[in-house]
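Please look over the sequence and the model shown below before reading on.

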Amino acid sequence: MTTLRLRPEDPADEEPVARVLAGAFARPDVATPPEVGLVEDLRRSDAWIPELAMVAEYGGEVVGYALLTRVQVRTDGGAWPALALGPVAVAPHRQRVGHGVAVVQAALDAATELGERLVVVLGDPAYYRRFGFGRADRLGLTSPWSGLGEPWQALVLPPSTSNEPPPPAGEVVFPPPWSKV
């Protein structure tokens, strides 16, 4: 019986991850979807957290991917670390069988284990609601995508101690690679 294996990406996964991204985000008007370049650029940036680049492997093949990278919430009192979820992709031939949900949950679980508190995402509210995401504006979070309404979402992860304050409101600032998407 073949099972789904979830694990952090390793260097040998770069090409298979690029194939999954290219297949999942394929469009007739571009040879290579921008999400492929985004991941390549994020790998070389300060936003990269290797433990939070998760792959789903099925039958020895990388079939899914979920990436969490560092962003900052800027407030009047300074900057606070947070994470951005994306891109999330599943190979077209393995979609709609739960691999996407599994790899996203694995990434969120890994972030919780690392003590992270806040994750933002731009995506389908019906999909991301299952993980606990809700409108980011209700948490006082703004970004270049705030004007899109419901697709601009956030998730507060469980605190590692009971005394931890909630994440602050403010402007979410993405690292430079995101400006190309």
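A residue is called buried when its relative accessible area is under 20%, exposed when it is over 50%, and partly exposed in between, as computed with a 1.4 Å probe on protein chains only. The model is predicted, so to speak of local features a pLDDT of at least 70 is needed, side-chain atom pairs count only at pLDDT 80 or more, and totals for chains, interfaces and linings use all residues. Residues are numbered from 1 along each chain as its sequence is written, and side-chain values use heavy atoms, with hydrogens and water left out.

By that definition F131, at 11% relative accessibility, counts as buried, and W178, at 12%, counts as buried as well. Both residues take part in aromatic pairs, a term used for rings of Phe, Tyr and Trp (its six-membered ring) whose centres lie within 6.5 Å, with planes under 30 degrees apart counted as stacked, over 60 as edge-to-face and the rest as tilted. The structure holds eight aromatic pairs. In one of them, the ring centres of Y127 and F131 are 5.8 Å apart and the planes stand at 65°, so this pair is edge-to-face. The pair of W145 and W178 is edge-to-face too, with 6.4 Å from centre to centre and 75° between the planes. Because W145 lies in the loop between β7 (141–142) and β8 (152–156), while W178 lies in the segment after β9 (170–173), this pair ties together parts that are 33 residues apart in sequence. Ring pairs also link Y127, Y128, F131 and F133 into a cluster.

The helices and strands named here are DSSP runs numbered from the N terminus, where a helix (H or I) has at least four residues and a strand (E) at least two. Among the buried residues of α3 are H99, V103, A107 and A111. The helix is followed by G115, whose phi is positive, near 85°.

Two strands pair if DSSP finds at least two bridges between them. Five bridges join β5 to β8, and these strands run antiparallel, with V121 standing opposite Q153 in β8. Strand β6 (residues 134–135) also pairs with β8 in the antiparallel sense, over two bridges, and there the bridge partner of R135 is Q153. Strand β8 is mostly covered, since four of its five residues are buried. Strand β9 pairs with β3 in the antiparallel sense over three bridges, whereas two bridges join β9 to β7 in a parallel run, where L141 stands opposite G170.

What lies inside is described by the nonpolar core, a set of buried Ala, Val, Leu, Ile, Met, Phe, Trp, Tyr and Cys residues joined through side-chain atoms within 4.5 Å. The largest such core has 54 residues, and those with the most contacts inside it are Y65, L85, V120, F133 and L141. Its largest share, eight residues, comes from β3. Leaving aside neighbours within four places in sequence, V120 is in contact (heavy atoms within 4.5 Å) with residues including L85, F133, L141 and W152.
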